[in-house]
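Subject: Structure for your review

Dear colleague,

Please find below the structure that I am handing over to you.

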Number of protein chains: 2
Amino acid sequence: MKLSPWYVTGLVEGEGTFAVSFNKRPKLRVGIETRPSFSVSLSERDLDLLKALQDFFGCGAIRYSRSDRTYKYEVRSVPDLVRKIVPHFEKYPLAGAKGKDFQKFAQIVRWVHAQHHLNPGYLREIIELAYSMNPSGQRRYAKDDLLRLLGEMKG
Amino acid sequence: MKLSPWYVTGLVEGEGTFAVSFNKRPKLRVGIETRPSFSVSLSERDLDLLKALQDFFGCGAIRYSRSDRTYKYEVRSVPDLVRKIVPHFEKYPLAGAKGKDFQKFAQIVRWVHAQHHLNPGYLREIIELAYSMNPSGQRRYAKDDLLRLLGEMKG
C-alpha cells in the first residue's frame with residue numbers, strides 16, 4: 001500500500017498530533033527535559049494503514065495504547081522529526097487549524113535539534129510556545145510550574 | 001483555500017462518515033425510507049476548512065451539531081452523492097478500513113438513485129448491506145425490526 005503525500009497530510013489533519021511535553025530532570029543544568037513527538041492514532045482495524053504511514057516516513061514506531069484502545073504511530077527521534085517529519089508538512093502543508101500548531105512544533109523541533117533547549121533563555125521561549133499549542137491531552141505540569149523551576153535552576 | 005483531491009481523501013479517512021439511515025414511512029409502499037448521507041465533522045476552529053470542502057465538492061451544506069459541539073459538512077442529495085461524492089472516492093480511493101464502508105455506500109447510493117429502494121427485494125438487500133457497515137452512531141431501529149416491517153408491507 002503506497003500512500004500519496006497529500007493523502008498523508010489530509011489524514012494527519014484529522015488524526016495526527018504534534019506535541020511537546022516536558023519532564024523534570026534534576027540532573028540537567030536547566031532542570032527540564034523537552035520531548036517533542038509526532039503521532040497518529042487509529043483503531044485496530046486501521047493497523048495496516050499505520051504500517052503504511054511508517055513506511056511512508058521511513059521512521060517511527062507503532063504501539064498499542066491501552067488507555068484509549070487505539071494503535072499509535074509515533075516519532076520521537078529529534079533527527080527523524082527534523083529530517084523527515086517537518087519537511088513533509090512544509091512541502092505538503094496542513095490546510096486547517098492544525099497547521100498553526102505544526103508551525104510552532106517545527107520551530108521547537110529545530111531549536112531542540114540545535115541544542116537550544118539546554119539554554120535557559122531559549123527553554124523559556126520553548127515552554128511559552130509549547131503551551132500556546134492546542135493541548136493534545138492532559139499536561140503533566142502547569143506552565144508556571146515549569147517557568148518557576150527554570151528560574152530556580154538559573155539562580 | 002484550494003484543496004488537493006488526495007488531501008480530501010486523507011481527511012475523510014479520519015473524519016468522514018458514510019452512513020445509511022432508515023425511517024418508517026407508512027405512506028410509502030415499502031413502508032421504509034432510505035437516507036444515505038456523507039458527512040465530515042470538525043471543531044469550530046476548522047469551520048474554514050469545512051467551507052473549503054464544500055467548495056471542493058460543489059454541493060452539500062454546513063450546520064452546527066449541538067449534540068457534539070462540532071460543525072458538520074453534509075451531503076444528502078442522492079444526485080449529488082452519485083455524481084460528485086462517489087466518483088471522487090473511486091478516483092482517489094480511501095486506503096484504510098473506511099474504504100470497505102465506502103464500497104457498500106456507493107452500491108446503495110446507486111441503487112437508491114435507480115429507485116431500487118422502492119422495491120421490497122432490493123430494499124431487503126440495502127438494509128442487509130447498510131447494517132454490515134461500521135456503525136457511525138446509534139441506529140434508530142434494529143435490523144430485524146426493519147426486515148419484519150418490510151415483510152408485513154409485502155404481504
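At roughly what angle do the axes of helix H4 (residues 98-113) of chain A and helix H5 (residues 120-131) of chain A cross? Before the answer, please note that this is a predicted model.

**Helices H4 and H5 of chain A**

The axes of these two helices come within 10 Å and cross at roughly 155 degrees. Angles over 145 degrees count as roughly antiparallel, so H4(A) is roughly antiparallel to H5(A). Their crossing is left-handed. On the side of H4(A), the residues that meet the other helix are A:Lys104, A:Gln107, A:Ile108 and A:Trp111; on the side of H5(A), they are A:Tyr122, A:Ile126, A:Leu129 and A:Ala130. Sorted by class, this contact has six nonpolar, one polar and one charged residues.

**Helices H3 and H4 of chain B**

In chain B, the axes of helix H3 (residues 78-91) and helix H4 (residues 98-113) come within 10 Å, and they cross at roughly 150 degrees. H3(B) is therefore roughly antiparallel to H4(B). The crossing of H3(B) past H4(B) is left-handed. H3(B) contributes B:Val78, B:Leu81, B:Val82, B:Val86 and B:Phe89 to the contact, while H4(B) contributes B:Phe102, B:Ala106, B:Val109, B:Arg110, B:Val112 and B:His113. Nine nonpolar, one polar and one charged residues make up this contact.

**The nonpolar core**

In soluble globular proteins, nonpolar side chains tend to be buried together. The largest nonpolar core here has 66 residues, and those that touch the most other members are A:Val40, A:Ile108, B:Val40 and B:Ile108. Leaving aside neighbours within four places in sequence, B:Ile108 is in contact with B:Val20, B:Pro36, B:Ile126, B:Leu129 and B:Ala130.

**Where the two chains meet**

Contacts between the chains involve 19 residues of chain A and 19 residues of chain B. On the side of chain A, helix H1 (5-15) and helix H2 (47-57) are the elements that give two or more residues. H1(A) supplies the largest share, nine residues. By class, the side of chain A that touches chain B has ten nonpolar, five polar and four charged residues.

**One residue of chain B**

B:Lys72 is found in strand E4 (residues 70-75) of chain B. B:Lys72 is partly exposed, because 18 other C-beta atoms lie within 10 Å. Not counting residues up to four places away in sequence, B:Lys72 touches B:Ser39, B:Ser41, B:Ile62, B:Arg63 and B:Ser65.

Yours sincerely,
A colleague

How values were computed. Residues numbered from 1 in each chain as written. Chains lettered and ligands numbered in written order. Predicted model: local features only at pLDDT ≥ 70, side-chain atom pairs only at ≥ 80, totals over all residues. Axes fitted to C-alpha atoms, helices over the stretch in contact; angles between N-to-C directions. Helix = DSSP H or I, 4+ residues; strand = E, 2+ residues; numbered from the N terminus. Parallel < 35°, antiparallel > 145°, perpendicular 65-115°, else oblique. Left-handed = near helix turned anticlockwise from the far one by under 90°. Contact = placed C-beta atoms within 7 Å. Nonpolar A, V, L, I, M, F, W, Y, C, P; charged D, E, K, R; others polar. Core = buried A, V, L, I, M, F, W, Y, C linked by C-beta atoms within 7 Å. Buried ≥ 20, exposed ≤ 12 C-beta atoms within 10 Å, placed from the backbone.
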